[in-house]
Amino acid sequence: MSARTAQPSLRSPWRDPVALLAAPAVIYLLVVYAYPLLWLLMKSFSGPSGLTLQPYVAFMSDPFNWRVIGNTLRVAAWVTVVCFAIGYPAAFALARAGALVQIVMLVSIILPLSIGAVVKAFAWQIVLRRDGVVSQLMVGLGLWDEPQRLLFTETGLVLGAANIFLPFMILPVYSVVKLIDPRLSEAGATLGATPLYRFTRVTLPLTLPGVVSGVAFVFSMSVSMFVIPSLLIGDRFQTLSTLTGRSFLLMRNEQLGSTTAVILLALAVSIVVGSTWLARRVGGST
Amino acid sequence: MTAIERLTRCFVWFIAAFTVVFLMTPLVVTIAVSFGSSTVFTLPPPDWSLRWYERLANTRGLLPALVVSLEVAAVSTAVAMALGTLCAIALVRGRFPGRETIATFLVSPLMLPGLVIGIAMLQGFKSMGLRDVYVSLMVAHVVITLPYVVRTVVGALSLFDFSLIDAARTLGCNYPTALTRVLVPALAPAFLTSGMFAFLASMDNYPISIFFTDAWTKTLPIQMLQYVEERPDPTIAAISAGLVLLAVVALVIGDRLVGLRKLADF
């Protein structure tokens, strides 16, 4: 008889000795992770005379900072769109492909995941040069009249970031696509549904939970990316994340850095909470 | 085969090929450049050479940075595996309330911006009186490696059939023997895989490590980014190629231990 059936009711942590095994990890994280985050939060709201919103008011009243927020959200949105456009069909291809193609695809999706952003962003510096692969390809296809430099442009940044975050779109969508019974769509076809109708009424709703988590992953990582914009677009284009890094590492302006860090944190938390809520909703409706 | 089936097949092939090429581009480019003779990243390289690899030996600061990265990754992974495994056992076997919250809390460092965690730690550690850069790096990297361990070990433990242990005891094993002969071999693959990927995550981390560096202590990604900014030449591609090789090795071992499809689980 397993312990699970023997003890159906929840016990208080004080009476379940197994709970003690979680204590070291939880205490460790509370001290070195949760406490510093709370400290940062508190400090960003405290002025010389108690609680204050002054740093946030000052930050928001500067039009430059609005451009920074705009840059951050615009780039993140474009990266998410590009990742979705490639990743959604790619997840289907991965689920429907034969064994060999599937292995090749899985390797090319998982391998980049264990390689750091510095390595990949450096590679994109080479790819996006005037004589780089993308430029050669576009000229070769006749789409561009002459070679162009994409490095240090917003397009280049979006392309590089989308490449680096693509696995985080494919894998969550793939995890739901592989569970879909292909016979569902065939059943729809037998009943006379057109391919478009089958897709929008059968396939798309079933994949929504995967789409929600993929979009949330890619968007939140694009909002907080730091190494990639530093290497692919440079200092002239600031995002919340690069501004935060700069104000601590270069400008030694801890006040500004704390403010932007808390805004970033709030964005990230709201994406996680929002997507969890949304995933539960779309998951429940199917 | 109907027309629509054929069309779907073509589409699948096209998308699959495009995805593979797109995702592999940075890796292939890095490796090609590292074996080329050109200083200016010409592709395809005019001639093949090993000069950038020969340069690695006398690149200042590279070896110390590699050593720091390996030490920090090894120590933080070891600590995370101990803390994370104990915690995973509690989460899977315990019957106390709040397990879901604890699980989310432990994995949350993966979902928050690394830069923000780094800044918070920089100030938090200072306020607690921890000023040693090297120790700070280790302490911080446990937070990065812990989520990988907890996630994988919780997954493996929840699939494990604990009645097997009762079966072993019925067949005459005492409890500790039953654990080492049944539970440990069953969990070892997932356990080792989680450690390997935690190790790589620590090796590759930039946004948290950047706040814990000084003139003597730099991790490899930080030293690399400094080279890229100071004098970009294919020596960095040679270092990168080494890191790609490390990831390939990890992937091959991970495939042997738990299988490629399991690694793709999200």
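This is a predicted model: local features need pLDDT of at least 70, side-chain atom pairs count only at pLDDT 80 or more; totals for chains, interfaces and linings use all residues.

How many residues of chain A are in contact with how many of chain B? I get 79 residues of chain A in contact with 74 of chain B, where contact means that two C-beta atoms, placed from the backbone, lie within 7 Å. On the chain A side, helix α2 (residues 23–44) gives the most, with 12 residues. Helices here are DSSP runs of H or I with at least four residues, strands are E runs of at least two, and both are numbered from the N terminus.

**Ground rules**

Residues are numbered from 1 along each chain as its sequence is written, while chains are lettered from A and ligands numbered from 1 in the order in which they are written.

**Confidence**

The predictor gives the complex an ipTM of 0.91 and a pTM of 0.91. I looked up pLDDT (the predictor's confidence in each residue, from 0 to 100) for chain B: the average is 91, and 99% of the residues score at least 70. Within chain B, helix α11 (residues 260–263) is lowest at a mean of 86, and helix α3 (residues 62–93) is highest at 95.

**Chain A**

I count 13 helices and 2 strands in chain A. Its radius of gyration is 24 Å, well over the 19 Å that the globule rule gives for 286 residues, so chain A is more spread out than a compact globule. (The radius is taken over C-alpha atoms, and the rule is 2.2 Å times the number of residues to the power 0.38.) The C-alpha box, along the principal axes, is roughly 75 × 70 × 30 Å. Buried residues make up 44% of chain A; buried means 20 or more other C-beta atoms within 10 Å of the residue's own, exposed means 12 or fewer, and partly exposed is in between, with C-beta atoms placed from the backbone.

Next I checked helix α7 (residues 133–140) of chain A, where A:Val133, A:Val134 and A:Ser135 are buried. They pack against α6 (117–127) of chain A and also α1 (3–34) of chain B. Just after α7(A), A:Gly142 has a positive phi of about 80°.

**Chain B**

Chain B has 11 helices and 0 strands. Its C-alpha atoms fill a box of roughly 70 × 70 × 35 Å along the principal axes. Of its 266 residues, 45% are buried.

Which residues touch the most other members of the largest nonpolar core? In that core of 161 residues they are A:Phe165, A:Ile170, A:Val218 and A:Val227. A nonpolar core is a set of buried Ala, Val, Leu, Ile, Met, Phe, Trp, Tyr and Cys residues joined through C-beta atoms within 7 Å. Leaving aside neighbours within four places in sequence, A:Val227 is in contact with A:Ala117, A:Val118, A:Ala121, B:Tyr206 and B:Leu225.

Last, I looked at B:Leu112, in the loop between α4 (99–107) and α5 (114–127) of chain B. B:Leu112 counts as partly exposed because it has 19 C-beta neighbours inside 10 Å. Beyond four places in sequence, B:Leu112 is in contact with A:Leu265, A:Ala268 and B:Ile117.
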